[in-house]
Amino acid sequence: MPLPRPLLHTVAVIDPALDHVAAGSLRPGTPGIRFIRADLGHRGYAGPRPIPGHGPHHYRFHVFAIDQQIPDTVATVKALLAAMAGHVLARGTLTGTYER
């Protein structure tokens with residue numbers, strides 16, 4: 001049964017000086033990538049793990065280009081959204097589905 005709102009699995013702030021993000025690097029300790037606590041309480045990306053037999057789950061990846069650095073003091077999703085307000089230059093979304 002779907003939840004009333006989507007869960008945030010991973011929230012990453014990527015340093016604009018990085019020219020790429022290598023596969024598997026969305027984990028704590030990767031230089032240039034800072035994680036903000038998401039709904040599940042962890043930091044870093046663990047990949048999709050829907051409930052077996054629950055049907056297809058949709059995973060949406062949102063990417064934002066902004067015109068200013070996110071201060072290190074920003075530690076919550078609410079504070080991140082506030083810091084981004086009025087500074088989004090471009091955005092993109094990728095949706096994938098997965099089921100077990």
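Ile14 has a relative accessible area of 40% and is therefore partly exposed (buried means under 20%, exposed over 50%, partly exposed in between, with a 1.4 Å probe and protein chains only). The model is predicted, so local features need pLDDT of at least 70 and side-chain atom pairs count only at pLDDT 80 or more, while totals for chains, interfaces and linings use all residues. Residues are numbered from 1 along each chain as its sequence is written, and side-chain values use heavy atoms, leaving out hydrogens and water.

Ile14 belongs to strand 1 (residues 11-14); strands (E, at least two residues) and helices (H or I, at least four) are DSSP runs numbered from the N terminus.

Turning to helix 1 (residues 77-84), its buried residues are Leu80, Ala83 and Met84. These cover an arc of only 95° around the axis, which places them on the same side of helix 1; the arc is that of the directions from the helix axis to the C-beta atoms. Lys78, Leu81 and Ala82 are exposed on the other side. Gly86, with a positive phi near 80°, follows helix 1.

A search of the whole structure finds 1 aromatic pair. Tyr45 and Phe61 form this pair, which is edge-to-face, at 6.0 Å centre to centre and 65° between the planes (rings of Phe, Tyr and Trp, the last by its six-membered ring, pair if their centres lie within 6.5 Å; planes under 30 degrees apart count as stacked, over 60 as edge-to-face and the rest as tilted). Because Tyr45 lies in the loop between strand 2 (33-36) and strand 3 (57-66) and Phe61 in strand 3, the pair ties together parts that are 16 residues apart in sequence.
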